[in-house]
Amino acid sequence: MTFVPVIVLAALTFAFAALALRLPKSGWALTGAALLAGLAGYALQGSPGQAGAPKAAVRNLSREGETLVETRRALFGPIPDNRFVTVADGFARRGQFGDAAGILRGAIDRSPRDPEAWLALAIALTEQADGRLTPAALFAYDRAQRFAPGNPGPSLFLGVSLIRSGRLPEARVLWAEMLANAPADAPWRAAMQERLDRLDNLLAETGAR
């Protein structure tokens with residue numbers, strides 16, 4: 001049994017993030033800690049010398065993170081302009097929102113007017129808090145809206161967070177205002193109207209309007 005290849009792979013991963021992707025020094029400790037945690041877990045449970053055996057499929061616990069990343073990217077484009085957002089997305093896809101938030105803070109330090117970085121940070125902070133809208137998350141949503149006034153992403157995700165927090169009327173006002181200010185030919189208008197209609201039905205059922 002040998003763990004040398006695993007250690008070498010971890011070292012190469014850190015080097016790639018630090019040098020090729022130019023990960024800011026503020027994110028070095030976080031990335032290194034994540035790699036060390038992985039090595040520690042492998043040392044405790046890994047069995048590289050044991051023959052492989054098929055296992056039953058395990059429920060994908062990171063599906064929510066995958067969906068959040070893909071939905072955000074559909075509104076900004078398939079590849080973020082900021083390479084650190086791409087690195088953070090890797091953590092978010094696995095449900096490691098705290099790690100993602102740490103990297104995104106470094107991304108914003110380098111590009112303080114990047115709306116996608118701000119939105120990704122807002123989402124990560126909200127998910128890290130189990131869906132609660134913290135002051136830090138609200139601040140990040142505000143910055144995302146300020147730097148991308150024509151993009152529906154910030155209002156869409158903020159509205160979803162408000163609904164999850166039980167603040168349905170506030171979400172309704174936010175989405176209705178977004179639609180009122182949207183161009184008539186906005187490609188996302190029909191989907192957003194459908195979301196608003198479903199929210200209206202929910203408000204009618206609960207009597208929360």
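Visitor: Is glutamate 170 buried, partly exposed or exposed?

Guide: Start with the cut-offs: buried means under 20% relative accessible area, exposed over 50%, and partly exposed in between (1.4 Å probe, protein chains only). Glutamate 170 has a relative accessible area of 40%, so it is partly exposed. This is a predicted model, where local features need pLDDT of at least 70 and side-chain atom pairs count only at pLDDT 80 or more, while totals for chains, interfaces and linings use all residues. Residues are numbered from 1 along each chain as its sequence is written, and side-chain values use heavy atoms, leaving out hydrogens and water.

Visitor: Which side chain does glutamate 170 meet in a salt bridge?

Guide: The general idea is that side chains of opposite charge can pair when their charged atoms come close. A salt bridge here is a side-chain nitrogen of Lys or Arg within 4 Å of a carboxyl oxygen of Asp or Glu. Glutamate 170 meets arginine 167, at 2.9 Å from N to O. Arginine 167 is partly exposed too, at 30%.

Visitor: How many salt bridges does the whole structure have?

Guide: The search finds 11. In one, arginine 164 meets glutamate 127 at 2.5 Å, N to O. Arginine 164 lies in helix α8 (residues 153-164) and glutamate 127 in helix α6, so the pair ties together parts 37 residues apart in sequence. Helices (H or I, at least four residues) and strands (E, at least two) are DSSP runs, numbered from the N terminus. Glutamate 127 is buried, at 10% relative accessibility. Arginine 164 is partly exposed, at 42%.

Visitor: Which residues are linked in a network of salt bridges?

Guide: Arg72, Arg73, Asp89 and Glu116 are.

Visitor: How many helices and strands does the protein have?

Guide: There are 10 helices and zero strands. Of the 209 residues, 40% are buried.

Visitor: At what angle do α4 and α5 pack?

Guide: Axes are lines fitted to C-alpha atoms, for helices over the stretch in contact, and angles run from 0 to 180 degrees between N-to-C directions. Helix α4 (residues 83-93) and helix α5 (residues 97-110) pack at about 175°, with axes 8 Å apart. That makes α4 roughly antiparallel to α5 (an angle over 145 degrees). Contact means heavy atoms within 4.5 Å. Among the residues making it are Phe84 and Phe91 of α4, and Ile103 and Leu104 of α5.

Visitor: Where is aspartate 130 found?

Guide: Aspartate 130 sits in the loop between α6 (115-128) and α7 (135-147). Its phi is positive, about 60°, although it is not a glycine. Aspartate 130 counts as exposed, at 62% relative accessibility.

Definitions and conventions: Angles under 35 degrees count as roughly parallel, over 145 as roughly antiparallel, 65 to 115 as roughly perpendicular and the rest as oblique.
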